[in-house]
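Open the model in your viewer and show the whole chain as a cartoon.

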Amino acid sequence: MLFFKAEDRNIFLTLYDKYKNDMYRQAYHILKDPQLAEDAVQDAFLNIFRNFSTIKYKQVCPYSKSYFIQTVKNRSIDLYRVKTKRRIISYDELENSLIDGLADIERTIKIKEVKKCLKKLPINYQSILIMKYYYGHTYKEISSLLNISDSNVKKRIIRAKKKYKNILQEEQLL
């Protein structure tokens, strides 16, 4: 184990306090992971600690800052390479991602089938259902757009939904 002189210890602690935040920012910029960034900073300080007797500039200055930042940058790049080289995925993560992918495919297929069934409706039923349920128009807004009464809008929506339900049942989607 290495031992510091009392003055080296104080200088190291001063440099640590001065540069730790800058070093963390540099590591986080490279790694995009807070825990890995902290690990990189810790490893960099351990490396600096081991080689502190050989450091030329033992004071707060641009040269010492550059040395500290470069040390953490190199360590961060090493950690980044390890991280990207081998990404270990647990069985549960793999299973969940496959299930999510299948669910997305099923949803997409279902949406396409539903759209296909919607296209089987007469155009006046299609348009009124789209205005009501896709665009979220009120009965009053639909009645003014189609120049028909509110009660007529309600009746058409009821008829359109009934016809649409029959088509979905024929296609075995319900």
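A residue counts as buried when its relative accessible area is under 20%. In this predicted model, buried residues make up 25% of the 174 residues.

**Whole chain.** Colour by secondary structure. The protein has 7 helices and 0 strands, so along the sequence the pattern reads α-α-α-α-α-α-α, with helices taken as DSSP runs of at least four residues. Turn the model around: its C-alpha atoms fill a box of roughly 90 × 40 × 20 Å along the principal axes. Of the contacts with a separation of 6 or more, 64% are between residues 24 or more positions apart.

**Helix 3.** Select residues 62-85, which form helix 3, and find Thr71 within them. Is Thr71 buried or exposed? Thr71 has a relative accessible area of 11%, and is therefore buried. Show its side chain, which reaches the backbone oxygen of Tyr67 at 2.7 Å. Leaving aside residues up to four places away in sequence, Thr71 touches Ala44, Asn47 and Ile48.

**Largest pocket.** Next, select Ile111, Val114, Lys115, Leu118, Lys119, Gln126, Leu129, Ile130, Tyr133, Tyr134 and Tyr164, the lining of the largest pocket. Helix 4 (91-119) and helix 5 (123-134) are the elements that each give two or more residues to this lining. Colour the selection by residue class: 8 are nonpolar, 1 is polar and 2 are charged. The volume of the largest pocket is about 310 Å³.

Methods
Residues numbered from 1 in each chain as written. Predicted model: local features only at pLDDT ≥ 70, side-chain atom pairs only at ≥ 80, totals over all residues. Heavy atoms only, no water. Buried < 20%, exposed > 50% of the residue type's maximum accessible area, 1.4 Å probe, protein only. Polar contact = N/O pair within 3.5 Å; in protein donor to acceptor, adjacent residues only side chain to side chain. Contact = heavy atoms within 4.5 Å. 1 Å grid on protein atoms, 1.4 Å probe; cavity = no way out; pocket = protein on both sides within 12 Å on 5 of 7 lines; lining within 4 Å. Points joined across faces, edges and corners; volume = space filled by probe spheres on them. Nonpolar A, V, L, I, M, F, W, Y, C, P; charged D, E, K, R; others polar.
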